[in-house]
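Below are some notes for a colleague who has not seen this structure before. Please read them with the model open.

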Amino acid sequence: MRKTAVVYWSGTGNTQMMAEKVAEGVRAAGAEADVYNCTEFSADLMDNYEAVAFGCPSMGSEQLEDTEFEPVFTECEAKLSGKVIGLFGSYGWGGSYMQDWEARVQADGAELLHPGVLAMGEPDDAARQECKEIGSLLAKA
């Protein structure tokens with residue numbers, strides 16, 4: 001059974017809600033999902049998972065949250081090559097940070113199975129369904 005980590009940072013609860021939907025999709029597809037706030041995760045744990053979903057909202061000028069999430073993600077980048085990855089996050093304006101993040105993950109040698117899922121503010125039904133789909137794809141890849 002494929003093990004998937006779902007690693008996120010959430011300031012308002014929106015990205016956490018998305019993380020829970022990704023994990024729901026993984027489990028519905030018959031795989032195991034472990035959900036971590038980014039403060040609970042490190043690059044050392046990457047070897048325990050075949051797939052990882054990362055979630056972070058857009059902050060400031062279209063960037064990942066820089067005090068807790070970015071340091072953990074940067075540490076994990078060295079272990080992304082060959083991993084199956086999914087991305088998701090919420091934003092209040094813009095949303096272009098996701099394209100930069102996707103390019104960064106692909107440059108690290110990861111296999112991005114689905115375009116990153118974005119939700120403006122609280123995820124609507126469509127965004128929640130897309131998160132479940134990412135989870136299902138990660139479980140089956």
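1. Helix α1 passes helix α4 in a right-handed crossing. The model is a predicted one, and the points below should be read with that in mind.

2. The two helices cover residues 14-28 (α1) and residues 125-140 (α4); their axes come within 6 Å and cross at roughly 45°. That angle makes α1 oblique to α4, because an angle counts as roughly parallel under 35 degrees and as roughly perpendicular from 65 to 115.

3. Which residues meet where α1 and α4 are in contact? From α1 come Met 17, Met 18, Lys 21, Val 22, Glu 24, Gly 25 and Val 26. From α4 come Arg 128, Cys 131, Lys 132, Ile 134, Gly 135, Ser 136 and Ala 139. Sorted by class, this contact has seven nonpolar, four charged and three polar residues.

4. Thr 15 also belongs to helix α1. Is Thr 15 buried or exposed? Its relative accessible area is 1%, so Thr 15 is buried, the cut-off being under 20%. Leaving aside residues up to four places away in sequence, Thr 15 touches Tyr 8, Trp 9, Ser 10, Gly 55, Cys 56, Pro 57, Phe 88, Gly 89 and Ser 90.

5. How many aromatic pairs does a search of the whole structure find? The search finds nine. One of the pairs is Tyr 36 with Tyr 49, whose ring centres are 6.2 Å apart and whose planes stand at 85°, so this pair is edge-to-face. Tyr 36 lies in strand β2 (residues 32-37), while Tyr 49 lies in the loop between β2 and β3 (51-55); the pair therefore ties together parts that are 13 residues apart in sequence.

6. Both partners of that pair can be checked for burial. Tyr 36 has 16% relative accessibility and so counts as buried. Tyr 49, at 3% relative accessibility, counts as buried too.

7. Phe 69 and Trp 101 form another edge-to-face aromatic pair, with 5.7 Å from centre to centre and 90° between the planes. Phe 69 is in helix α2 (residues 69-76) and Trp 101 in helix α3 (residues 97-107), so the pair ties together parts that are 32 residues apart in sequence. Phe 69 and Trp 101 are buried.

8. Phe 69 and Trp 101 also belong to a cluster linked by ring pairs.

Terms used
Residues are numbered from 1 along each chain as its sequence is written. This is a predicted model: local features need pLDDT of at least 70, side-chain atom pairs count only at pLDDT 80 or more; totals for chains, interfaces and linings use all residues. Side-chain values use heavy atoms; hydrogens and water are left out. Axes are lines fitted to C-alpha atoms, for helices over the stretch in contact, and angles run from 0 to 180 degrees between N-to-C directions. Helices (H or I, at least four residues) and strands (E, at least two) are DSSP runs, numbered from the N terminus. Angles under 35 degrees count as roughly parallel, over 145 as roughly antiparallel, 65 to 115 as roughly perpendicular and the rest as oblique. A crossing is left-handed if the near helix is turned anticlockwise from the far one by less than a right angle, and right-handed if clockwise. Contact means heavy atoms within 4.5 Å. Ala, Val, Leu, Ile, Met, Phe, Trp, Tyr, Cys and Pro count as nonpolar, Asp, Glu, Lys and Arg as charged, and the others, Gly among them, as polar. Rings of Phe, Tyr and Trp (its six-membered ring) pair if their centres lie within 6.5 Å; planes under 30 degrees apart count as stacked, over 60 as edge-to-face and the rest as tilted. Buried means under 20% relative accessible area, exposed over 50%, partly exposed in between (1.4 Å probe, protein chains only).
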